[in-house]
Amino acid sequence: MSQGPENRPPPPVIVRDLAIADLRAALVTGWRDFRSEPAYGLFFAGIFVAGGLALTYFLVARGEFTWAIPAAAGFPLIAPFTAVGLYEVSRRRELGLPMSWLAILGAVRGRGDEQILAMGVIIFVAFGFWVIVAHVIFSIAIVEAGAGSESLDFLFTRPGLVMLLIGSAVGAIMALAFYAVTVVSLPMLVDREVDFLTAVFTSLKAFRENSAVLLAWAVLIAALLFIALLPAFLGLLVVLPVLGHATWHVYRRATEREVR
């Protein structure tokens, strides 16, 4: 049963001394979590990969390149929500709790107060907003190039290159804002009984206090996800679980000296 707002524990205190070494340690421990419980990682990553392939195939088959490319580019935005079950696996391993599919799949409900589901709605709204913005940028570039939406040749024209630059800049800004909001908030909602607004503000504070290291973590995540996307999303079957588990350990290190 969830507690009332007045009975909930205070949010954790954020440390200010995250280091690159902590990121390396998180990756090592994340890999260890994945190797210990690969079935869960492959399950959640498989859902993500299947969803990405299905969405891309549907749009490409219909010749909707102006929707397919933005959707494929923005699809990693929903990866943090997919990783909720992975956070629960790492949490249980850390505490020595038994693993069960019921408990892991039930993690999406958080502490029984639907706070993670509320975050999920925000995540999917953000993804939809990105797709619409990118589609508008894409469509303007096609009109400027005088090309048809059924061909990608316009990407090699001046308007196409400008579109790629603008789209990349807008996407990077949106992805960074999204990352700052979710990097600590989603693991915290799995770990503690807090409301999603408290989790979001704590995540933003963690990003502010450790901006250089968490920016490095964001760049590493983006690079690994990009590489994993290239072989028809299949690299995500390993990369996504390892990054999900590792993000849990980054969160735990960022809140290591919390007040109980």
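Me: At what angle do helix α10 and helix α11 pack, and how far apart are their axes?

Reply: Here's the general idea: two packed helices are described by the angle between their axes and the distance between the axes. In this predicted model, α10 (residues 196–209) and α11 (residues 211–229) pack at about 105°, with axes 5 Å apart. The axes are lines fitted to C-alpha atoms, for helices over the stretch in contact, and angles run from 0 to 180 degrees between N-to-C directions. Helices are DSSP runs (H or I, at least four residues), numbered from the N terminus.

Before we go on, a word on the ground rules. Residues are numbered from 1 along each chain as its sequence is written. Local features need pLDDT of at least 70, side-chain atom pairs count only at pLDDT 80 or more, totals for chains, interfaces and linings use all residues, and side-chain values use heavy atoms, with hydrogens and water left out.

Me: What are α10 and α11 to each other, then?

Reply: Roughly perpendicular, therefore. Angles under 35 degrees count as roughly parallel, over 145 as roughly antiparallel, 65 to 115 as roughly perpendicular and the rest as oblique. Ala 206, Phe 207, Arg 208 and Glu 209 of α10 meet Ser 211, Leu 214 and Leu 215 of α11, where contact means heavy atoms within 4.5 Å. That contact has four nonpolar, one polar and two charged residues. (Ala, Val, Leu, Ile, Met, Phe, Trp, Tyr, Cys and Pro count as nonpolar, Asp, Glu, Lys and Arg as charged, and the others, Gly among them, as polar.)

Me: How do α1 and α12 pack?

Reply: Helix α1 (residues 20–36) packs with α12 at about 125°, their axes 7 Å apart, and the two are therefore oblique. The crossing is right-handed: the near helix is turned clockwise from the far one by less than a right angle. Among the residues that meet are Trp 31 and Phe 34 in α1 and Leu 237 and Val 250 in α12. By class, the contact holds 12 nonpolar, four polar and three charged residues.

Me: Which hand does the crossing of α5 and α12 have?

Reply: Right-handed. The axes of α5 (residues 84–95) and α12 (residues 236–254) come within 8 Å and cross at roughly 55°.

Me: How much space lies in the second largest pocket, and what lines it?

Reply: Rolling a probe the size of a water molecule over the atoms shows where empty space is left. About 170 Å³ lies in this pocket. Its lining includes Phe 43, Phe 44, Ile 47 and Phe 81. The largest share, three residues, comes from α2. Nine lining residues are nonpolar, two polar and none charged.

A pocket, on a 1 Å grid over the protein atoms alone, is an open set of points where a 1.4 Å probe fits, with protein on both sides within 12 Å along at least five of seven lines; lining residues have an atom within 4 Å of a point. The volume is the space filled by probe spheres set on the points, which are joined across faces, edges and corners.
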